[in-house]
Amino acid sequence: MNRNRLSASLQAGLNNQMTQEALAAQIYLSYGAWAASAGYNGIANFLFRHANEERNHMMKFLEYILERGGKVEIAAIPQPPADPTSVQHCFEQVFQQEINNTAGIYKLVKMSFDEGDWASWNFLQWFVKEQTEEETLALGLLDKIKVAGGERATDEALYALDRDLEKQPDEAELAETKTVENP
């Protein structure tokens, strides 16, 4: 008896996204190690926390594939890109990585919609919201770096940013939670 309730294409896409989430974790881990070695322990802590978050996303995909009776395919994870050249470059790369993740999620959402796989479509809605949050958070950090001076930020400004990121919440507040009373 075939227990798999995923199409071959959706199963392959979910497995691919699971690998992308693992790569995202490795990128955050790699950049966190870079930040720590450069003395930015607050930034490193922030990036290490996000590495764990991406691993959790990977596990959500793995568990979902199993729950739907599919076959999990563990693939090699590509090596993360080279170390950033600056704090600004680090977070530009983080933002780009989140955009790439979002593109993968959107592709899966469309595929599940086109196939009428409403269970998968529903599962993926959590990731749509999560990616909106991740992109918002990354853009907010790029704004902070810009205010700090961008590529020409002083050591004092980077020190303050480093301290802020150590305590930075891991989630961004999204527009959908805003009201006239709480802009």
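These legends cover close-up views of a predicted model.

**View 1. Confidence across the predicted model.** Mean pLDDT (the predictor's confidence in each residue, from 0 to 100) is 93 for the protein, and 93% of residues reach 70 or more. Helix α1 (residues 8-37) has the highest confidence, at 98, and helix α5 (residues 155-167) the lowest, at a mean of 90. Helices are DSSP runs (H or I, at least four residues), numbered from the N terminus.

**View 2. The Phe 61–Phe 123 pair**. The structure holds eight aromatic pairs (ring centres of Phe, Tyr and Trp, its six-membered ring, within 6.5 Å). Phe 61 belongs to helix α2 (residues 41-67) and Phe 123 to helix α4 (residues 118-148), so the pair ties together parts 62 residues apart in sequence. Both Phe 61 and Phe 123 are buried (under 20% relative accessible area, 1.4 Å probe, protein chains only).

View 3. Phe 61, Tyr 64, Phe 123, Trp 126 and Phe 127 form one aromatic cluster. Lys 60 lies over the face of Trp 126, 4.5 Å from the ring centre (NZ within 6 Å of the centre and within 35 degrees of the ring normal).

**View 4. Helices α2 and α3.** The axes of α2 and helix α3 (residues 87-115) come within 13 Å and cross at roughly 15°. Therefore α2 is roughly parallel to α3 (angles under 35 degrees).

**Notes.** Residues are numbered from 1 along each chain as its sequence is written. Local features need pLDDT of at least 70, side-chain atom pairs count only at 80 or more, totals for chains, interfaces and linings use all residues, and side-chain values use heavy atoms, without hydrogens and water.

Conventions
Phe/Tyr/Trp six-rings, centres within 6.5 Å; stacked < 30°, edge-to-face > 60°. Helix = DSSP H or I, 4+ residues; strand = E, 2+ residues; numbered from the N terminus. Buried < 20%, exposed > 50% of the residue type's maximum accessible area, 1.4 Å probe, protein only. Axes fitted to C-alpha atoms, helices over the stretch in contact; angles between N-to-C directions. Parallel < 35°, antiparallel > 145°, perpendicular 65-115°, else oblique.
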